[in-house]
Amino acid sequence: MHYRHHHPENDPAYKGLSVNQGVENVPIINPYERPRRRRKTYSVGDYVNGILASDISMLGQAVTLIESSLPEHNETAQRVIEKCLPHAGRSTRLGITGVPGAGKSTFIEALGMHLVRKGQKLAVLAIDPSSERSKGSILGDKTRMEELSTAEGAFIRPSPSAGSLGGVARKTRESIILCEAAGFDTVFVETVGVGQSETAVHSMVDFFLLIQLAGTGDELQGIKRGIMEMADGIAINKCDGNNVEKAHVARTLFGNALRLFPPHEAGWLPEVHTCSAVEKNGIAEVWEMVTRYMQFVEKTGYLYRKRNDQAKYWMYESINESLKTSFYTNPKISRMLPDYEQRVLNNEISSFVAARQLLDSYLG
Ligand SMILES: Nc1nc2c(ncn2[C@@H]2O[C@H](COP(=O)(O)OP(=O)(O)OP(=O)(O)O)[C@@H](O)[C@H]2O)c(=O)[nH]1
Ligand SMILES: [Mg+2]
């Protein structure tokens with residue numbers, strides 16, 4: 001395939017000496033400045049054509065536009081997304097969550113390689129709104145997804161690091177659209193199951209997989225009931241070595257626990273599997289479950305209802321997010337906030353009256 005070489009910078013013949021239109025009069029002092037200048041010269045059409053031609057480099061740069069905090073980048077990104085939207089939607093979107101250390105990255109490497117070897121094209125995205133952790137994850141995932149990160153047909157993108165959860169989640173959702181338009185038939189969205197981010201992931205995927213560990217004392221501790229309830233399937237990882245028996249016990253426990261929840265709204269019975277991401281056991285079985293689920297929900301039409309509901313949800317999310325940003329970045333409001341905060345702390349004014357007055361002066 002040509003897509004890895006399509007971008008001139010990736011072409012073996014590219015010497016990096018050609019001069020671009022529009023910058024020829026600018027003296028180039030630092031040679032590393034040049035790739036950044038080049039990027040600005042792409043039009044919406046360039047991005048769209050590149051993405052539709054499965055040009056990974058163009059896809060990566062379009063995702064960078066989505067993640068950018070510059071309004072002009074976002075404007076271009078929105079136009080690219082709009083053009084890509086009719087070509088999106090044809091992938092299996094798999095959400096993967098689990099506590100830190102559960103083996104998500106190792107699992108993704110194992111399942112990812114399994115799919116890539118079958119000739120599938122896989123994009124791995126992530127939602128991790130805490131920038132501190134994202135930096136760690138990028139490093140961690142480089143080593144844990146060593147094979148996958150260089151595999152043909154795989155596109156791995158760490159979480160957009162800056163911003164609120166809502167903002168980060170929106171960017172990831174928009175990136176899914178571009179990945180699908182670029183021909184990726186499987187999209188993984190990884191998140192750490194410790195906060196609110198799994199709700200965001202759940203609202204953008206078809207199948208929500210919970211990676212669990214056995215033998216951590218009380219098997220059901222540490223996972224919020226809500227996360228268990230969201231799961232379409234559970235993989236009990238690290239079922240290897242001395243852990244095999246404990247993992248099988250955990251499978252029964254989780255299976256029983258799932259049966260106590262209200263029935264799945266798709267009429268699907270969530271399954272519990274054991275696997276070892278390190279030994280690559282049980283990985284194919286987890287994927288078979290996902291495939292079985294996709295066939296099931298496609299047949300019943302639940303998949304389309306769910307995706308429509310998600311689209312609606314994201315419309316309201318975007319409205320909420322934009323209103324919030326517009327409020328907090330309003331110069332008048334940012335000047336007033338510290339004073340109001342202090343008056344609330346001094347008990348001079350109630351929180352509700354303060355909020356009301358701030359909102360009134362924003363809207364007024
Ligand atoms: N024995 C065993 N160890 C595993 C398995 N999968 C992962 N590990 C180990 O568990 C540790 C954590 O694995 P990661 O894949 O980084 O876990 P993670 O869930 O991505 O962790 P965070 O990114 O920190 O949330 C690593 O040392 C892995 O080698 C497994 O199937 N069996
Ligand atoms: Mg990880």
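Guide: Gladly! Accessible areas come from the Shrake-Rupley method with a 1.4 Å probe, and for residues only the protein chains shown count as cover. For the protein chain the accessible surface comes to about 19,100 Å², with 55% of that belonging to carbon and sulfur atoms. This is a predicted model, where local features need pLDDT of at least 70 and side-chain atom pairs count only at pLDDT 80 or more, while totals for chains, interfaces and linings use all residues. Residues are numbered from 1 along each chain as its sequence is written, and side-chain values use heavy atoms, leaving out hydrogens and water.

Visitor: Why is Asn74 called partly exposed?

Guide: Buried means under 20% relative accessible area, exposed means over 50%, and partly exposed is in between. Asn74 has 22%, so the residue is partly exposed.

Visitor: What makes α2 and α4 oblique to each other?

Guide: Helix α2 (residues 44-52) and helix α4 (residues 71-84) pack at about 45°, their axes 9 Å apart. Angles under 35 degrees count as roughly parallel, over 145 as roughly antiparallel, 65 to 115 as roughly perpendicular and the rest as oblique. The pair is therefore oblique.

Visitor: Which residues make that contact?

Guide: Contact means heavy atoms within 4.5 Å. Val44, Tyr47, Val48 and Ile51 of α2 meet Thr76, Arg79, Val80, Lys83 and Cys84 of α4.

Visitor: And which residues does Asn74 touch?

Guide: Leaving aside residues up to four places away in sequence, Asn74 touches Leu65, Ile66, Ser68 and Ser69. Asn74 itself lies in helix α4.

Notes
Chains are lettered from A and ligands numbered from 1 in the order in which they are written. Axes are lines fitted to C-alpha atoms, for helices over the stretch in contact, and angles run from 0 to 180 degrees between N-to-C directions. Helices (H or I, at least four residues) and strands (E, at least two) are DSSP runs, numbered from the N terminus. Buried means under 20% relative accessible area, exposed over 50%, partly exposed in between (1.4 Å probe, protein chains only).
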